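Colleague: I am new to this structure. Please take me through one part of it closely, and then show me how that part sits beside the chain as a whole.

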Amino acid sequence: MSEPGVSSTRAAGAARRSHPPTAWSAELTGPDPDAVRVDPTGPVLDGFRVAVTSDRRSGDLIDAFVRRGAEVLHAPAVRIAPVEEDEILIGDTRAVIDCRPDVVIVTTAYGFRRWIEAADAAGLGEDLARTLDHARVIVRGPKARGAVRAAGHVDDGIADDERTASTVGLALEGGVVGRRVAVQLHGHEDVEQLERLRSAGATVLTVAPYRWVRPTDESRLGRLVAAVAAREVDVVTFTSAPAVDGLVSAAAQLGMDGVLVDALRCGVTAAAVGPVTAAPLLDLGVTPIVPDRFRMGALIRTVVEHLTLNGVAEVQTALGPLVVHGRVVTFGGETVTLARGPRAMLAALMSEPGVVLSRERLLDELPEAENEHALDMAVSRLRSALPDRHLVQTVVRRGYRLNV
């Protein structure tokens, strides 16, 4: 089954790419005019592979990376339960209406709109509207404020830093002792913040307009897990904390959670849309890149900047200029695509042009190479893959160097 934003780009991408397409990815193409600054919407990511784990708005992310030249692997780690099947949401909405809360905390624009939609579909729209008009509404950020106001309601406070903790802090400042507080959750229950409200004397009700459930196609997720574990992707994007848990859980079912986490710690970059999404990664010992502004567009720019700053290099060798752009290597008018192992070794050699790198150092770059014989085989594969095998020189009893 094709994914949003993918099927329309396959034919054009396949026609422009010289290497075989991946059957379950979007195909893209193009040279790099400038890493980030000149044309951030152009094909600056040619030669890179990005994994997308989101369900909602995945098409936006896929399209953005496709336009920039990346190859995209997409498999939702979790999905949102359909509103019409979510009887829990309707039950929670009835409970909120019945208790007439004094304070309502709105955390996400999407969640609030979905809540209103579900209430309308269940014939509870007018009752919920009256409930919201009766309450003091506090919003987590400008998007949530926009959704509340678009629905005809007025908010009474906004968290400047767009964090749930700060939003709860605003409610606490107004006093919640003996008051009823309804919290619109955003995909998962923030136990710590709910406990802050309860400890301050509030009666807390929660409503989850969207709940994360297992993906419908777990075989695709398994293939994405295998690709990440093998370090065959450059970046994995996460737009929700449950997606992190979903990916690791899927890996655990395959007996690959250890190698998956190892890959995310070293070799594959994790990109999280914000600190809430980053938290479970940090708990795993994975340090993700996180944009300054917690928005989809900022996440895309952060990924572009990271890849172009860290995955693009040019070295003047003794035989001519050698250019690396992701997996794509250009030398002497010839362009080739390297597999992960040869690419990792070439990156190490190019990081210190002309310097002899010891066998021990190079073995650190290749986790799958367990001994020096495996390293020699890896060097042989690198030489065979390069347009000119003499770009890599052997220094007897010492190691290898780039021929500069």
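Modeller: Keep in mind that this is a predicted model. Start with helix H16, residues 372–385. H16 lies across strands E17 and E18. Its direction runs at about 150° to E17.

E17 covers residues 392–395, and E18 covers residues 399–402. The two run antiparallel, joined by four bridges.

E17 and E18 belong to an open sheet of three strands. The order is E16-E18-E17, and the pairing is antiparallel. Strand E16 spans residues 357–358. E16 and E17 stand at the edges, and each has a single partner strand, so one side of each is left without a neighbour in the sheet.

Finally, step back to the chain. The protein chain has 404 residues, and 51% of them are buried. Its secondary structure comes to 16 helices and 18 strands. Take the contacts between residues at least 6 apart in sequence: 63% of these join residues at least 24 apart. The accessible surface of the chain comes to about 18,000 Å². Carbon and sulfur atoms account for 50% of that surface.

Methods:
Residues are numbered from 1 along each chain as its sequence is written. This is a predicted model: local features need pLDDT of at least 70, side-chain atom pairs count only at pLDDT 80 or more; totals for chains, interfaces and linings use all residues. Side-chain values use heavy atoms; hydrogens and water are left out. Two strands pair if DSSP finds at least two bridges between them. Contact means heavy atoms within 4.5 Å. Axes are lines fitted to C-alpha atoms, for helices over the stretch in contact, and angles run from 0 to 180 degrees between N-to-C directions. Buried means under 20% relative accessible area, exposed over 50%, partly exposed in between (1.4 Å probe, protein chains only). Accessible areas come from the Shrake-Rupley method with a 1.4 Å probe; for residues, only the protein chains shown count as cover.
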